[in-house]
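Open the model in your viewer and follow along. Each stop says what to select and what is there.

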Amino acid sequence: MYIGMARKPRIHAPGSIRHLISRGNSHQDIFEAAEEFLEFTASFGEAAKKGGMQPLSLTLMPNHWHALVKEGPIPIGEVLQSVLTKFAMRSNRRNGRDGHLFQGRYKAYLIDSDAKAKEVFRYIHKNPLRAKLVEDVSQWPWSSHREYAGLEPETTVSTAFLLSLFADDKPTAQKRYLEFMKQDSPKGVRPDMVPALDALARQVEQYEAFPPGTLSGDGGDSEIRRARHRFIRLAVKAGVRPVDIAAYLHI
């Protein structure tokens, strides 16, 4: 996480795993009808196939979407540009809107370990449950969870890689995946965000000459509380949701 620096260009790394996120501008809804969920899913899949990008997981929420993908020979930005632009234009015409549909450019977080891939995978599929849109993740139709659970044929994503992280044979992998989905993320924070928050916490603690872990919790003297507030301000400025900051700090 870099504070107060110019936006860095995307790094194209074929074969790398990325967590993609895009939100509606000012938190407005992106998908307002079932046909829009279907249209985006189909367009995303077609563009991915043409660009050699492999979708591994996908969840569409009313005002944002998440995907886990394996980058191909064409940069992700080029793959997504036509998808997001065309969808936004059609959506604006259909719903009588002007201006930007999406909030800035999409986010793309590098997933650098199998353990992190599993955590992000679970986070993506549990989004509808956390938002209280459903009582069970299998009830949300706009997610690849049902494909991983064996409830629908594999059409939206490729399940082989992520299932292989649970077991070599598919039936056992699906069973272990479903057991994994019943558990919660250890920190309750979006998994790919933890390393950036760790780095920011270390910066603040080192600046204040505090030992590692000082910022966690809501206690401490006035100097610790001021440092914690500084960390919170910087994290919010970097776009981290307050709920994730609170979960990270255990407050």
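In what order do the four strands of the open sheet run? Select the strands: the order is S2-S3-S1-S4, and the pairing is antiparallel. Neighbouring strands are turned by 15° against each other on average, direction ignored. Strands here are DSSP E runs of at least two residues, helices are H or I runs of at least four, and both are numbered from the N terminus. Two strands pair if DSSP finds at least two bridges between them.

This is a predicted model: local features need pLDDT of at least 70, side-chain atom pairs count only at pLDDT 80 or more, and totals for chains, interfaces and linings use all residues. Residues are numbered from 1 along each chain as its sequence is written, and side-chain values use heavy atoms, without hydrogens and water.

Next, select S2 with S3 (residues 64-70). Seven antiparallel bridges join S2 and S3. Pick Thr59: its bridge partner in S3 is His66.

Axes are lines fitted to C-alpha atoms, for helices over the stretch in contact; angles run from 0 to 180 degrees between N-to-C directions.

Finally, show the whole chain. It has ten helices and four strands. From the N terminus, the elements run β-α-β-β-α-β-α-α-α-α-α-α-α-α. The C-alpha atoms fill a box of roughly 55 × 50 × 35 Å along the principal axes.
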